[in-house]
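Here are some friendly notes to read alongside the model. Take the points in order, and keep the 3D view open as you go.

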Amino acid sequence: MKKFKNLKGLVAPMDQSNVDTDQIIPKQFLKSIKRSGFGPNLFDAWRYLDEGEPGMDNSTRPLNPDFVLNKAEFKGVSILLARRNFGCGSSREHAPWALEDFGFRALIAPSYADIFYNNCFKNGILPVILDENIVDRLFSEQSQTVGYSLEIDLENQIVKTPAGEQLPFEVDEFRKHCLLNGLDDIGLTLQDESAIKEYEQQRIKEKSWLFTEMKA
Amino acid sequence: MAQTLYDKLWQDHLVQEREDGSALIYIDRHIIHEVTSPQAFEGLRMAGRKPWRISANIATPDHNVPTTERSAGVDSIVDPVSRLQVQTLDQNCDDFGILEFKMNDPRQGIVHVISPEQGTTLPGMTIVCGDSHTSTHGAFAALAQGIGTSEVEHVLATQCLIQRKMKNMQIRIEGTLQKGVSAKDIVLAIIGKIGTAGGTGFAIEFAGSAIRELSMEGRMTICNMAIEAGARTGLVAVDDTTINYVKGRPFAPTGELWEQAESNWRQLVSDEGAFFDEIVEIPAESIAPQVSWGVSPEMVLPVDAQLPDPAQQSDSVVAEGYKRAMEYMDFKPGMKITDIQLDRVFIGSCTNSRIEDLRAAATVVRGKQVNKTIKQALIVPGSGLVKKQAEQEGLDQIFMDAGFEWRNPGCSMCLAMNADRLGEGEHCASTSNRNFEGRQGHGGRTHLVGPEMAAAAAIEGHFVDVRDWS
Ligand code: SF4
């Protein structure tokens with residue numbers, strides 16, 4: 001996983017609540033057995049005027065000129081400013097894979113759906129939570145400034161605005177630690193292998209009905 | 001101290017609590033399907049790791065499988081990309097010795113239908129699957145939740161999940177349901193009330209006399225959509241209904257082990273006086289048959305209502321959402337729900353494809369005909385065993401006589417990863433769980449309803465109030 005420390009990046013606005021993972025990456029692209037290559041199909045149904053299918057040459061497809069990420073001013077964008085309950089719906093990790101592949105490293109919203117929020121951290125994306133009124137204000141600042149950028153300092157848990165304002169945010173210590181160091185949490189969990197084994201042995205003794213053999 | 005059902009389940013699975021508040025939770029059961037697992041198996045191999053406990057896993061392909069003739073098994077899948085994904089699941093399960101119900105196994109079906117059916121879903125378990133509707137299994141008082149692919153790999157490798165404890169919410173439905181109102185209507189009414197983010201960060205326990213009156217199928221329908229209310233997990237306490245359903249299932253314990261298990265399971269209820277961070281109450285009598293009209297499950301109304309006016313909404317974010325939804329659905333404010341004309345009808349999905357759902361729909365359509373304006377009306381049983389049971393009861397004949405298509409089990413038009421899908425602009429009465437833009441096909445328009453409502457809509461060509469329709 002990529003490390004995340006400081007990010008200064010261009011901000012794109014997605015001014016709509018309840019953006020679901022079916023929109024972030026439509027189901028037809030979930031047929032892939034790979035983890036990469038989803039970027040060109042991020043927000044596929046909103047981004048292109050035709051119906052996308054896996055295997056298409058996306059560079060020749062007709063773009064929707066009204067869709068925010070198609071506008072020239074957002075080329076190179078790395079921060080998505082969003083509304084409440086972003087990432088709701090399906091648990092598909094293809095959603096953060098697509099966001100990351102497109103170039104997003106951080107999101108800012110008043111709230112996220114649980115599973116999506118969790119999935120972001122596993123893929124080096126920082127989902128920042130700020131109060132709804134602050135997010136509102138960032139939307140309005142963004143709409144008035146071409147090339148609007150924000151700086152995110154994970155170590156100190158601060159978002160800095162171009163005017164120099166510092167907006168603090170909360171993040172779980174463990175997740176922060178993994179993100180700052182680019183750690184794979186399977187390795188970390190396996191450091192506690194003996195604790196898991198001990199728990200398991202006890203459980204087999206007390207609740208052996210949970211350990212029915214099930215093999216192919 | 002008095003504990004909630006969720007507190008008890010959490011406590012029982014705690015391997016380790018860390019100083020920072022996160023915890024390692026032991027996972028009893030892991031269910032696997034073809035879409036969210038290939039990258040996890042690949043990760044496992046690349047790191048030179050093996051599954052921690054083979055017997056914890058059970059797999060089946062469901063999302064990509066065709067529901068039409070498919071006796072050739074995986075070779076019946078025409079789309080090469082879909083075929084490869086199912087083949088990859090088969091290969092991974094074969095390589096590691098994981099129990100899988102392959103495409104031509106009679107036990108194959110939607111993950112959330114087959115596991116309860118087989119008794120691999122048991123009360124008191126922690127259950128995960130790379131699928132958000134894993135909340136379904138909470139109907140058995142199991143701590144069941146959807147996870148992402150990285151977590152699938154984590155569970156395969158360590159038999160654990162890293163989590164923080166959630167808050168407790170209780171949703172009480174007391175009283176008696178009106179005739180014609182189903183479990184689906186209860187859960188849609190709940191989502192209409194608390195919104196799609198209302199349960200975020202909570203484990204929701206569904207309680208009250210109307211919930212206790214429900215069959216296991218009905219309880220699964222409700223827990224299934226806990227995720228649409230924002231909660232990763234939904235729960236119902238154990239009672240005789242739970243015990244009777246589990247008894248005799250292929251992988252359920254027997255003999256002395258059953259006795260031990262049952263006495264343990266009987267304790268899986270919230271204690272008297274246990275603390276809930278939030279309590280929501282809805283009188284059962286107040287719930288009418290529900291129909292979703294927009295592009296989020298919270299955009300739902302009683303069947304006798306009219307569409308809202310975005311301009312009348314006080315919250316600007318909500319107003320904007322309604323406006324977009326009206327445009328996408330091609331609706332005008334004030335339109336009556338019963339005036340919505342339909343193109344297709346889909347009865348299936350992990351929400352409503354169990355035997356009881358099919359019986360309910362068959363009762364409505366018996367001796368009637370699907371309306372001429374309906375292009376297609378599909379019945380997709382949730383599993384091979386549900387299909388067989390329905391055929392033994394003659395339900396297939398009732399449906400086919402009425403003009404429905406009787407299909408093979410799978411996710412089908414719930415998310416349209418196979419060939420079953422809506423055309424651009426088409427309206428569908430669907431017993432599934434998500435009405436997001438394009439969910440059932442590019443440009444398609446979904447209306448979430450219960451099985452009786454979908455069946456009656458197929459006959460009339462538009463929504464009708466099943467309470468006063470026959
Ligand atoms: S039926 Fe629909 S919601 Fe259920 S598992 Fe399949 S795709 Fe997901």
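1. Let's begin with a term: a salt bridge is a side-chain nitrogen of Lys or Arg within 4 Å of a carboxyl oxygen of Asp or Glu. The side chains of A:Arg203 and B:Asp12 form one, with 3.2 Å from N to O. Between chain B and chain A the count is twelve salt bridges.

2. A word on the source: this is a predicted model, where local features need pLDDT of at least 70 and side-chain atom pairs count only at pLDDT 80 or more, while totals for chains, interfaces and linings use all residues. Residues are numbered from 1 along each chain as its sequence is written, chains are lettered from A in the order in which they are written, and side-chain values use heavy atoms, leaving out hydrogens and water.

3. How many residues of chain B are in contact with chain A? There are 86, and they meet 62 residues of chain A (contact means heavy atoms within 4.5 Å). The residues on chain B's side divide into 32 nonpolar, 34 polar and 20 charged; here Ala, Val, Leu, Ile, Met, Phe, Trp, Tyr, Cys and Pro count as nonpolar, Asp, Glu, Lys and Arg as charged, and the others, Gly among them, as polar.

4. The area buried between the two chains is about 6300 Å² (the accessible area, with a 1.4 Å probe, that two parts lose on being put together, summed over both). Carbon and sulfur atoms give 55% of that area. B:Gln39, B:Trp52 and B:His442 supply 11% of the area that chain B buries against chain A, more than any other three residues.

5. Finally, look at A:Leu99. Leaving aside neighbours within four places in sequence, A:Leu99 is in contact with residues including A:Phe43, A:Phe86 and A:Ile125.
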